[in-house]
Amino acid sequence: MAVKILQGGTVIGFDDDAQAVRVLPKASVVIEDDHIAAILRDSEFDDYAIPANADIINVEGKIVSPGFVNTHVHMWQTAYRTIGPDIVLAQYFGNWLSQMSDDAKLFTPDDIYISCLQGYLEGLHSGVTSYVDHAHNNWASDVVEPGFTAAEDSGARVWWCYDVAHREAFPLQDQWKALARVASKATPSSLVQPGISLDSLSGSFQAEEKENHLQNTKQMLDDLNLKAITLHHMNGPWPNDGHSSPVQICKHNLHSKQRPIIFSHAPFLDSEEQQALSEHDVFVSITPESECHFGHGQVSGRNVSKQAALGLDTNWTFSGDMLFQARLWLQNVRLTSFHQTLQKGLLPRETPFTVEQGFLMATRQGGLALRRRDIGVLQVGAQADIVVFDGDSPNMLGWSNPVAAVMLHANPGDIEHVLVAGRFVKRDFKLVNMKLAWTEVRERFLKTARRIQAQAANAPPLPEKVWGVGEMGDVEVSSTI
């Protein structure tokens, strides 16, 4: 049994009875293999029987936090980094840089592997220990498995949800076979578990004549032992026929206690959809920066905090850490609520969203979205997915409230250690225990990124309508000139 002890830090735990963060100053976290065996106060430590082979890490003066959970990302696209700094969603849908575009076909299997691996490593370096990867690298049979292999090689905890979508050169039955090959690699103890995206399948569930398709999907979910379901949901002014709505999807009983559903973005949930989330205990993944950047919008997210977690979406567009997503969402909720009061001619008397709630959105809520109460929390019995912040940097020095320090002052450079399932993936500010040396990752990734970006640099014209239906409109442009 491998034992590690993070000794003497300030631990951000969670109290189930109070349903709140529980801060433990001068506490030690005892890790046995992949889980937390004990959390000891300073006064209890001397009485604890420390195994002779224990690896004791002094974290005095540091902040010990649960790992962050990213509930929505498309990791294969990492190699596009910086290519579309001012892109809007209509351009993405209009055959530029998406999985449906000609640009995707520039990726070789090795490109998919190294693009995904680098993306996971970026997140781990920034304290992201768990991911839901909406893997829509689905245009050819040979680019599917390298994405899953990269997840395995990264050392991260990943729910790898493949987007089964019929393509002329890669028909539906062959895609199911590809997912079956990937799913067969996972064992119950694997950090990477197979899942599915219903983006391209949900439209087939609606009509009675498609009942066989629905039943086949249900059968495959069971036969392949798929552990999670995810799909995009937009609505509002975005073209939508209701196929991806929580109301429609949940009525088919595809989810279970062991198989959660996560709806990504969901910016315009109506009251019936909000009720469906609560009734079926399913979650949305809010991706704050993406929804600001691309123009998805996000109107209803602040109303469903109990059934919401945070994600990133396209980490080629911005950085892969969740600290900024949590901070941006915290301040977005505050700003929106404050405006409502100010527009009435009144002054806000309290904050509508606390730093603790923002912190939980990026940690515990992600675990709940995956129906894993042992993820995103520091408790006895929880998985040892842990982040240690140094706290002595110029931007954090002087902290007294650890949650506020993380939420409002920290950046990825303050993260000293990261563990996933009790195993160091970052130690003393450096990535460790890597499948490939960083120099090799760097060389291969740069080669891929430079080639693909050069070939995909020219954006096609903006479509007149999104998918031939969605009407385009002008926006009020701001300028420093």
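Let's start at Met-472, which is partly exposed, with a relative accessibility of 34%. You'll find Met-472 in the segment that follows strand S19 (470–471). Keep in mind that this is a predicted model.

Now hop over to Pro-460, in the loop that runs between helix H14 (438–456) and strand S18 (465–466). What does Pro-460 touch, leaving out residues up to four places away in sequence? The answer is Gly-94, Asn-95 and Trp-96. Trp-96 sits 364 residues from Pro-460 along the chain, yet their C-alpha atoms are 6.6 Å apart.

Arg-157 is another story. This arginine belongs to strand S8 (residues 157–163). Is Arg-157 buried or exposed? Arg-157 has a relative accessible area of 6%, so it counts as buried, the cut-off being under 20%. Its side chain makes a polar contact with the side chain of Gln-383, at 2.8 Å. Beyond four places in sequence, Arg-157 touches a whole list of residues, including Thr-129, Tyr-131, Leu-191, Arg-372, Asp-385 and Val-420.

| Residue | Relative accessibility | Class |
|---|---|---|
| Met-472 | 34% | partly exposed |
| Pro-460 | 28% | partly exposed |
| Arg-157 | 6% | buried |

The buried residues of H8 (residues 271–280) are Glu-273, Ala-276 and Leu-277. Looking down the axis of H8, you'd see these buried residues fall within an arc of 100°, so they line one face of the helix. Why can residues spaced along a helix end up on one side? An α-helix has 3.6 residues a turn, so residues three or four places apart point the same way.

What covers that buried side of H8? The cover includes strand S10 (229–233), helix H7 (246–250), strand S11 (261–265) and strand S12 (283–286).

At the start of H8, a side-chain oxygen of Asp-270 comes within 3.1 Å of the backbone nitrogen of Glu-272. Just past the other end of H8, Asp-281 adopts a positive phi of about 50°.

Note on methods. Residues numbered from 1 in each chain as written. Predicted model: local features only at pLDDT ≥ 70, side-chain atom pairs only at ≥ 80, totals over all residues. Heavy atoms only, no water. Helix = DSSP H or I, 4+ residues; strand = E, 2+ residues; numbered from the N terminus. Buried < 20%, exposed > 50% of the residue type's maximum accessible area, 1.4 Å probe, protein only. Polar contact = N/O pair within 3.5 Å; in protein donor to acceptor, adjacent residues only side chain to side chain. Contact = heavy atoms within 4.5 Å. Arc of directions from axis to C-beta.
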